[in-house]
Amino acid sequence: MSRLTQSPAWAALARHHEAMRVIHMRDLFEQDPARAQSFSYLFNDILFDFSKNRITVETLARLFDLASECRLNEAIGRMFDGRPINATEHRPALHVALRNRSNRPILVDSRDVMPQVNAVLSRMRTFTEQVRGGDWKGHTGKTITDVVNIGIGGSDLGPAMAARALGPYVKTGMHLHFVSNVDATDLVETLAQLEPETTLFVVASKTFTTEETLTNAHSARDWLVARLGSEQAVARHFVAVSTNAEKVRAFGIDENHMFEFWDWVGGRYSLWSAIGLPLALGIGWDHFEAMLSGAHEMDEHFRTEPLDRNIPVLAGLIALWYANFFGFDSQAILPYDQHLEHLPAYLQQLYMESNGKRVTLAGDDVDYATCPVVWGAAGTNGQHSFYQLIHQGTQVIPADFLAAIESQHPLGKHHEILLANFFAQPEALMRGKTAEQVRAELATRGLSPEAIAALTPHRIFPGNRPTHSILYQRLDAKTLGTLLAFYEHRVFVQGALWNIDSFDQWGVELGKELARVVEADIACQGDISPHDSSTAQLIERFKARKPSSH
């Protein structure tokens, strides 16, 4: 048994769960008319309402005891101090340094990293202003109108999500595109929309060796050179976000147009670095800095606020309560804001690549659940897709609901209808509908007793389904930065308590290693490497039937 599950605080939570598992949130609200105020927290103009959760004051007190036993405050301090908390790669995890607007010194190996961070930000600002202002010209002297980011994983999900979220702030006449999939369809259909003379490619790869990214980049390079008729065009239409100057030069990109980031920046935490360059090109530097500022303010809250008033800590502890004591193994992200339609996919990587781990920092098997499956979709679309399962299915799925008070696109009663659904769904999930209520409703419709008896089981909603409601004034850059930092720290809290490494991703690497072997097998003319019979059959069938043009 692990130290965590043998701790006194864990045992106390297990006993508390026995009492809480039969308590309905309906009753908690009826017993405490001020419950919403007691479990809600205002940060700037964002309201975090955690009241529709299966918690009491005692629940939180016991969770805080667990956090203290696990020395959560010390874990937070180690991250902000630049300690190597990525244990398997012996690296810090210092995404907080990238948005450290206070310029508080942050040390790595006794050296303050802030001068490096500020130098790259300064270069990004200069380049952003050159491109947006028309001073940076393409090979034929035309102004850039389209920016194509070529990356994968965090080098794609972060900037693509943020570009969609902040679409109303993208400069008129500037168009952002994101290519990540090595499936040629992704690149070919993007290039079909573009004019090479006015297109700038941002190739985002820390090592400049990521196979999917470099395959797409070389094909984009071939397209550009073929249409502009000169290898010299590459230098005016490609820039790199990387640390490998040698490979960047070999590609044909001027080293002065390479924007650096560091090995202490994990891919899924890299939006705040030069990986955010395409976003900055779209929304402009002032908005990009506002996003950094919003994240920094949440960082300082997380770093300095006591645990019992610390919003990411509270959210992380509640998530642990559900995963480890109720056995809820799924988490839905439900933004009622079309601009956040890519947020669930972004948070899938943040959660599941960070905390999808089965061993502790010491390498011992865990004996408790770690990361839930994270998924979701924008409201109200999801209501006509999977909400049936959330309301009446056998699983209980905690859900985050997010919405803006002000619409970016006010039109008639659209926003009022959207927000009516945003308010109604968490209430319905909490309250449910009892058999008595169903029978009373059906009786008012004049149904016979037999019809009422037949329909009643189908129209009962158990309720007691937990949700967070996050209501912000307007989705601007600062708000987005605050929300993303909140989720980053929420994930960190869970990983710290579970005593796992939230900053490596060896499962991602395994697939890459195996793919390289199979790729060689596909290319060879003779016998392939040893595989299981299923994999061997699939490879041989592909080789036998692939079109000769391949």
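Mentor: Start with arginine 21 and glutamate 18. Their side chains meet in a salt bridge, at 3.3 Å from N to O. The term means a side-chain nitrogen of Lys or Arg within 4 Å of a carboxyl oxygen of Asp or Glu. Some ground rules come next. This is a predicted model: local features need pLDDT of at least 70, side-chain atom pairs count only at pLDDT 80 or more, and totals for chains, interfaces and linings use all residues. Residues are numbered from 1 along each chain as its sequence is written, and side-chain values use heavy atoms, with hydrogens and water left out.

Back to the pair. Arginine 21 is partly exposed at 45% relative accessible area; glutamate 18 is partly exposed at 47%. Partly exposed lies between buried (under 20% relative accessible area) and exposed (over 50%), with a 1.4 Å probe and protein chains only.

Next, arginine 164 and glutamate 341. Their closest N and O atoms are 2.6 Å apart, in a salt bridge. Arginine 164 sits in helix 8 (residues 154-165) and glutamate 341 in the loop between strand 10 (330-336) and helix 16 (343-355), so the pair ties together parts 177 residues apart in sequence. Helices (H or I, at least four residues) and strands (E, at least two) are DSSP runs, numbered from the N terminus. Arginine 164 is partly exposed at 29%, and glutamate 341 at 30%.

Glutamate 231 and arginine 221 also form a salt bridge, 2.7 Å from N to O. Glutamate 231 is partly exposed at 46%, whereas arginine 221 is buried at 15%. Shared partners join Glu89, Arg91 and Asp263 into one salt-bridge network. The structure holds 24 salt bridges.
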